Amino acid sequence: MELLRFITAGSVDDGKSTLIGRLLYDTKSIFDDQLQAIEEASSRNGSDEVNLALLTDGLRAEREQGITIDVAYRYFSTPKRKFIIADAPGHIEYTRNMITGASTSDAAVILIDARNGVVEQTRRHTYLAGLLGLSEVLVAVNKMDLVDFSEKVFNDIKDEYQKILEKTPQIAHVSFIPISAKNGDNVVKKSDAMPWYKGDTLLGTLENVQIRDSSASRPFRYDVQYVIRPQNDEFHDYRGYAGRVLGGSAKVGDEVEILPSRTKSRIKSINLGEEELQSVEYPLSASIQLEDDVDVSRGSLIVSAGSAPEGTRSISAVLCVLSSNGLKEGVPYFVRHGSTEVQGMVNEVTYRLDINTLEKGDPSGDLKMNDIVGADIVLSDELFCDLFTECKGTGSFILIDENTNETAAVGLIGE
Amino acid sequence: MLTHLQELEAEAIYVIRELAAQFERPGLLFSGGKDSIVMANLARTAFYPQAIPFPFVHIDTGHNFPETIEFRDSLVKRLGVKLIVGSVQESIDTGRVREEKGIGASRNRLQTVTLIDTIRKNKFDALLGGGRRDEEKARAKERFFSLRNVFSEWDPKNQRPELFGLYNGHKDRGEHFRVFPLSNWTELDVWQYIKEKGIDVPSLYFSHEREVYERDGAVLAWSPVVQLAPGETVKKMRVRCRTVGDITCTGLTVSDASTLDDIIREVASTHVTERGGRADDRRSETAMEDRKKAGYF
């Protein structure tokens, strides 16, 4: 069975929790004791209706305040696919949460309230989905029951949404689905109320969307995490480079280049535990032995020969500030890129993104949580990077605050 | 095309190797349950042919299913890893904790103190746990790398965002991490993986006849340490464990599932969550969150 990870995005009252509840309920992924627990909690809070949001809001503070604190993960499956939902809450810290959830997703479900149509938030969510490299977007036009299941309302929203896409070239494919999460129309079951809609249900679309991760089709990129050296009699000379494929694939016998030493060798064997493999592909973990005794350690990158990126001590990136302490210019941070860690500092902020207009504006001012900026970063040592749009694993990094140890920002490497 | 199990396996192995690489004194919390058994197998796969480069840690309540301890000892021997046991009985004997008395008494809560003491004594800076986000609503909010302060407390409101599998293990002295490689696995994934890889699990998970009693709608294993309430009686039933924990609070499932295929069918069609029978979770709406904040697994 295939795995699809997706993020759900919507404004505060678009019915996101209801939609997730509906998906889980209609795929029989909610259990009797969970349902009983939220029924009891709902009635304790004085509500007549069962509040499906309580399924995702698990923490005491969330239940007390009726808010969602950060990304929650939900799991369900159909005979066709297994799904992981990253449910990111839609209030102030949204940018940070959506970026976190989107970083491990393949697709985005963006909710639009049929009564309100495309709003500022819709643009923001779509932009962030594109920025994080989600090529597949499902636009769920919700609350169709409140607009008399009107085909015209649906088509107008579709037309309006197409205009946003002009600013997000990364998004390769969009599906539009008219739904009512509350009643279940076109979520899991096809709706009788909208005979004019010939397309698939939301779940049907999720089951069939193509998973296009550009990292899979790029040259081989293998991040070495750990060197396996058994040092016993049976495996006396064994040196296995344990790591994970960040891009492309490779097979036994392939010529490779090792960074940062820039030495060349060939793949002698590929293992996963005791199992001998002939090839390995993104995003699998493995252990690789090389033909030659070369310098490889944690943080080394093994790439297909002839594809090695240039080493660099300065990178341009889109940064999203994640810490409530903000991000400071000219102050050293740890830069974590794959398994490598160097030091780096923001040398210059080149622009600040206005998250409402999506225009690149004046870069001046403090860098606060949720800010998205373009920046040049100088590094204490060479890093070997790809563009984020080409390979997510080698095209992204985090900045770690050396005083608080917090993850202060995430960077997506650009030109 | 990769299967969901291949992707989950790759992710878990990646996380286990990050633990070994980023920390100086890691360990693996081994309960003897299916999740920790799968985790132990993944750790073996991650470092093969080298031995697993960290010890297993068992927090022993003293109220175990005997099958669990037998299984633990044979697995540890087969993998060639060191086993460190933190004993709740010892914590009671030395006066660190006071044992609960009466009906429904459990050593579950006391484990937290023993666990924290074991972490301090052995100077662990990171421990692998088999927790999964689908198990329980507070666990759904858990990170792969979860920071604990010097008091071992979890602060769910102040967690580090995790992006692109870049796990930030930086910490101050005295703090430690709990690391959860199975975060994205469901109960069904665990069983499918056990079947696919031919992993041994204790006989407790398969249908067997056992002396049990019923309390609050749950079927529990009877053992000499259990104090029955008036009206409760011990009877024999065909049951199996869905989770394995302290014998006094682990609910049993009435089941005839005697093979892995039976179990997979049963788990795929069940209407009750795995922890639905855990008396420790049923103490209050946020029982798990409260225990986790205090340093529980």
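This is a predicted model: local features need pLDDT of at least 70, side-chain atom pairs count only at pLDDT 80 or more; totals for chains, interfaces and linings use all residues.
Residues are numbered from 1 along each chain as its sequence is written, chains are lettered from A and ligands numbered from 1 in the order in which they are written, and side-chain values use heavy atoms, with hydrogens and water left out.

**Exercise 1.** Find the strand order of the open sheet in chain B, and its edges.

Solution. Strands are DSSP runs of E, at least two residues, and helices are runs of H or I, at least four, numbered from the N terminus. Two strands pair if DSSP finds at least two bridges between them. The six strands run β3-β2-β1-β4-β6-β5 in chain B, with mixed pairing.

**Exercise 2.** Describe how β1 of chain B joins β4 of chain B.

Solution. Strand β1 (residues 26–29) and strand β4 (residues 126–128) of chain B run parallel, joined by three bridges. Take B:P26: its bridge partner in β4(B) is B:A126.

**Exercise 3.** Is B:N122 buried or exposed?

Solution. Next, apply the cut-offs: buried means under 20% relative accessible area, exposed over 50%, partly exposed in between (1.4 Å probe, protein chains only). B:N122 has 16% relative accessibility, so it counts as buried. Last, list its contacts (heavy atoms within 4.5 Å). Leaving aside neighbours within four places in sequence, B:N122 touches B:R25 and B:I84.
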